[in-house]
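Work through the two exercises below with the sequence and the model open beside you.

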Amino acid sequence: MTEQPLAAAESEPHGVYAAALTPVDDDLAPDCARLVRHCRWLLDNGCNGLAVLGTTGEANSFSVDERLQILDALGEAGFTGAELIPGTGCCALPDSVRLTRRAIEIGAAGVLMLPPFYIKNVSDDGLFASYAEIIERVGDDRLRVYLYHFPQMSATPLSHGLIERLLKAYPLTVAGIKDSSGDLDNMTAMARNFPALRVFSGTERFLAPMLKAGGVGCISAGANVLSTPTGRLYDQWRGETDEAEIDRMQEEVTRLRLMLEGFPMIAAMKAMVARHTGDDAWANVRPPLVKLAPGVVSNLLKTVDQAGLVLP
């Protein structure tokens, strides 16, 4: 049995979280019914939880009211507790506060919070003030914040010094981090330097290395279509197996993830879900994203089939 870190207790978020796609209808409005079905499918096929309204969920292309509508639909559908970590980080403080309060109201275990990302080259003092202001305004002991480090998209990195300050000021509230930097050394250093912080890799490519280093799982776009092999890898790590088998399964998951990265991932995964469900509307994306051209879709699906990836 592989020894588990204390932070991976069953009552806390751990394992494979899908950075869930957000379906939109032909009028480009969020389609909550399709989203609920997709989320149930993910949980039934290898995922431990759902990170909705993140980058893959096109969250910053939706209004706050639309995001509140999505949160309400998920709450009404019964998604709650450790299986739900919605994204609530916005550029405007009041927007982050509104979304975070609603996530708490529907019973989410935590929120995934981008820093305010429009103004660039801000100091750690400014980022600390932003996170602190949100935490204080929400003013709820139930709040658990998972920081979102994605410098390639936000251009607003979260330094280890900032994390240390936040943990010192809010040790019960700042619960974890999703590191989507692609820098494995940075992720493992976080797990080593901040043992109280639940560190999630932002890709399944690093799931096994992070688990071995003290991380608790991954929050990944790829899990929308790789939930089954990634879930199996996590289950193997938790159970009776050998390191060689874990490494073999990680190599397979990595191969499939790299295959996906050869295409615009959000549009590509929506095209894959459209084929799997027989529902062409799943291919819709909200601008500025665009659907894949028919020839690209044909190449994608041929590549997926040749890779042996079959959605359950």
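A nonpolar core is a set of buried Ala, Val, Leu, Ile, Met, Phe, Trp, Tyr and Cys residues joined through side-chain atoms within 4.5 Å, where buried means under 20% relative accessible area with a 1.4 Å probe and protein chains only. This is a predicted model, in which local features need pLDDT of at least 70, side-chain atom pairs count only at pLDDT 80 or more, and totals for chains, interfaces and linings use all residues. Residues are numbered from 1 along each chain as its sequence is written, and side-chain values use heavy atoms, with hydrogens and water left out.

**Exercise 1.** Find which residues touch the most other members of the largest nonpolar core.

Step 1. Among the 95 residues of this core, L74, L147 and L300 touch the most other members. Helix α11 (residues 265-277) gives the largest share, 9 residues, helices being DSSP runs of H or I with at least four residues and strands runs of E with at least two, numbered from the N terminus.

Step 2. Setting aside neighbours within four places in sequence, L300 is in contact (heavy atoms within 4.5 Å) with F263, A268, A271, M272 and L292.

Step 3. Another core, of 12 residues, lies apart from the largest one and includes Y17, L112, F200 and I219.

**Exercise 2.** Trace the order of the strands in the open sheet.

Step 1. The 7 strands follow the order β2-β1-β7-β6-β5-β4-β3 with parallel pairing, two strands being paired if DSSP finds at least two bridges between them.

Step 2. At the edges, β2 (49-50) and β3 (111-113) each pair on one side only.

Step 3. Strands β4 (residues 145-149) and β5 (residues 174-179) run parallel and are joined by 5 bridges, and H149 stands opposite D179 in β5.

Conventions: Buried means under 20% relative accessible area, exposed over 50%, partly exposed in between (1.4 Å probe, protein chains only).
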